[in-house]
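The following exercises concern side-chain contacts in a protein chain. Study the sequence and the structure, then work through each solution in order.

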Amino acid sequence: MSDFRFLGGRLSVNFTATLGLRWREPGVERLATPADLARWFVEAGVTDQHMATGPEDLSDAHHLREAIYRLARTRLGHGHPDDADLALVNLWAARRPAPISLRPTPDGLSARLDEPTPPGLLALIGRDAVDLLGDPEAARLRECAGPECSLLYIDTSRAGNRRWCSMDSCGSRDKMSRYRRRTTG
Ligand SMILES: [Zn+2]
């Protein structure tokens with residue numbers, strides 16, 4: 001079973017979830033090896049190919065991810081955007097994009113890079129972050145209310161009042177603990 005989390009609703013937001021339980025400092029690193037990064041690309045649906053990834057790609061991925069995460073937090077009202085973070089995300093987003101094609105898949109159609117490479121896919125993530133964080137949609141960015149969770153997600157509920165990364169995990173844990181408090185207190 002995958003240990004990756006894809007609850008964010010956007011490629012760049014899901015990418016920030018590859019470091020889990022951030023409050024622990026250090027959190028849970030789900031991109032611990034270059035092979036993890038290759039697997040994430042496939043599970044995130046940006047490529048069908050397990051491509052060769054090296055230590056440099058992994059280091060680039062970590063730096064890009066943390067810059068996106070810190071900028072996303074500023075959209076949640078935590079601090080101000082850091083110039084170095086902006087420069088890094090902008091650098092990736094500015095890379096010449098690889099050509100994409102529409103391909104048939106068992107359940108429909110999907111867009112794929114013609115010649116995916118790890119830097120090409122990181123550029124795709126950088127571009128998604130720029131699209132999102134510079135857009136009014138970023139007002140729908142949330143941080144899970146679970147005290148032991150730090151996942152970010154886009155709240156697509158009509159009322160804009162979704163509190164949990166997932167009802168199945170953090171949401172039901174909250175319901176259980178409130179129930180226990182009620183029955184024991
Ligand atoms: Zn959560």
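A residue is buried if its relative accessible area is under 20%, exposed if that area is over 50%, and partly exposed in between (1.4 Å probe, protein chains only). The model is predicted, so to speak of local features pLDDT of at least 70 is needed, side-chain atom pairs count only at pLDDT 80 or more, and totals for chains, interfaces and linings use all residues. Residues are numbered from 1 along each chain as its sequence is written, and side-chain values use heavy atoms, with hydrogens and water left out.

**Exercise 1.** Describe the salt bridge between Glu 29 and Arg 65 and the accessibility of its partners.

Solution. 
- Step 1: A salt bridge requires a side-chain nitrogen of Lys or Arg within 4 Å of a carboxyl oxygen of Asp or Glu.
- Step 2: The closest N and O atoms of Glu 29 and Arg 65 are 2.8 Å apart.
- Step 3: Glu 29 belongs to strand β2 (residues 28–29) and Arg 65 to helix α3 (residues 55–75), so the bridge ties together parts 36 residues apart in sequence. Helices (H or I, at least four residues) and strands (E, at least two) are DSSP runs, numbered from the N terminus.
- Step 4: Glu 29 has 30% relative accessibility and therefore counts as partly exposed, whereas Arg 65, at 2%, is buried.

**Exercise 2.** Classify the aromatic pair of Phe 15 and Trp 40.

Solution. 
- Step 1: Rings of Phe, Tyr and Trp (its six-membered ring) pair if their centres lie within 6.5 Å; planes under 30 degrees apart are stacked, over 60 edge-to-face, and the rest tilted.
- Step 2: The structure contains 4 aromatic pairs. In the pair of Phe 15 and Trp 40, the centres are 5.0 Å apart and the planes form an angle of 55 degrees, which makes the pair tilted.
- Step 3: The pair links distant parts of the chain, with Phe 15 in helix α1 (residues 11–16) and Trp 40 in helix α2 (residues 34–43), 25 residues apart.
- Step 4: Both Phe 15 and Trp 40 are buried.
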